[in-house]
Amino acid sequence: MSNEELKVKITELLPAATFEEGGEWLTTNIEPKDWLPLAQQLRNDDSLYFDYLFCLTCIDWKTHLTMVYHLSSTKYRHNIVIKSKLDRSNPEIETVSHIWRTAEFHEREVYEMFGVNFLNHPDLRLLILPDGWEGKNPLRKDFEDPINMIKL
Amino acid sequence: MDVKQQTAKSDFPGQIHETPGGGIVLSKLDDVINWARSNSLWPLTFATSCCGIEYMAVAGAKYDFSRFGFEVARATPRQADVIIIAGTIVNKMAPVLKRLYDQMADPKYVIAMGACAISGGPFFYNTYSVVKGADHVIPVDVYVAGCPPRPEALLHALIKLQEKIKSGLTREQIRKDKE
């Protein structure tokens, strides 16, 4: 499907979705509460068939967090980007680890680096950081190195 | 043949008295041991980031540290004399580095190669993962500046380490004298 066709299809599935254009891939902005049902449709709809989650990350904008999901279809070779704004003080979004298994440890990484709470994740604990690190999120913009912090 | 004999004479720590039918060597045993040690220092195969590429270049045919007695990199700390810390040491790597150093047999030497191994380098400020200098973990004999250092700089450091060994006591001997 082309980006235009994807846009029409996504609007059918989720009328509340808004779109950004100009990039190579269609970027779709959604509300966190719409993510789980949309993800299931993206994966299971025969004409979409997004069977490959090739990037899952988060951005700290200081005012809010943005979850970013890059999806691809190995059957149709089309791609899409899903973005969702989260509340910075209480970031929560549904896990998609049962839809795309790769999300399981990507979500653990976002959990330890940004402190995003993935609801219903089967094993939400630190991925790489040492034990006892919980609560300090190194990739948040306001993280301060306890040893050699220099303020500009 | 002449040239070879001359360098052997000037390099050797002691005096050689030529006598008919042979010669007499005058020297201190410590000096001879240090001289021998400094000319056979086998490094450990250990690199944690991009400095490792320069390190490999120095080991390769073009720069070739074998010419100076760093004959071959050993993949086990038990056969290595010198550890070249080529790259960033992160908090998770620090215990591994300490363990490798502890497993090396005495006498052992350490070269900190590049900005990361010296101070944490470009990761010095506001990082959650990097050790700010490998000398927080193990003692370092020679520091090489650069990011990464040129192969010539590493060769210079290796030769400096040889000079350090030739000039005197090992770290262990210095420690014993203090006690």
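Modeller: Ala, Val, Leu, Ile, Met, Phe, Trp, Tyr, Cys and Pro count as nonpolar, Asp, Glu, Lys and Arg as charged, and the others as polar. Keep that in mind for this predicted model.

Biologist: How does the lining of the second largest pocket divide?

Modeller: Seven of its residues are nonpolar, two polar and three charged. The lining draws on chains A and B, including Met113(A), Trp133(A), Lys92(B) and Tyr128(B). About 170 Å³ of space lies in this pocket.

Biologist: Which residues lie nearest the centre of the largest pocket?

Modeller: Thr18(A), Asn29(A), Ile30(A), Lys83(A) and Lys85(A), out of 16 lining residues. The space there is about 220 Å³. Strands S1 (18–20), S2 and S5 of chain A each give two or more residues to the lining. S5(A) gives the most, three. By type, the lining has six nonpolar, five polar and five charged residues.

Biologist: Now the interior. What should I look for in a core?

Modeller: In soluble globular proteins, nonpolar side chains tend to be buried together. Here the largest nonpolar core has 33 residues. Those with the most contacts inside it are Trp35(A), Leu42(A), Met67(A), Tyr69(A), Ile82(A) and Val116(A).

Biologist: Which element supplies the largest share of this core?

Modeller: H2(A), with five residues. Among the other elements supplying at least two are helix H1 (3–13), strand S4 (65–72) and helix H3 (103–114) of chain A.

Biologist: What does Val116(A) touch, leaving out residues up to four places away in sequence?

Modeller: Its partners include Cys58(A), Leu65(A), Met67(A), Leu86(A) and Ile93(A). Apart from this core lies another, of 21 residues, among them Val58(B), Phe70(B), Ala86(B) and Leu154(B).

Terms used. Residues numbered from 1 in each chain as written. Chains lettered and ligands numbered in written order. Predicted model: local features only at pLDDT ≥ 70, side-chain atom pairs only at ≥ 80, totals over all residues. Heavy atoms only, no water. Core = buried A, V, L, I, M, F, W, Y, C linked by side-chain atoms within 4.5 Å. Buried < 20%, exposed > 50% of the residue type's maximum accessible area, 1.4 Å probe, protein only. Helix = DSSP H or I, 4+ residues; strand = E, 2+ residues; numbered from the N terminus. Contact = heavy atoms within 4.5 Å. 1 Å grid on protein atoms, 1.4 Å probe; cavity = no way out; pocket = protein on both sides within 12 Å on 5 of 7 lines; lining within 4 Å. Points joined across faces, edges and corners; volume = space filled by probe spheres on them.
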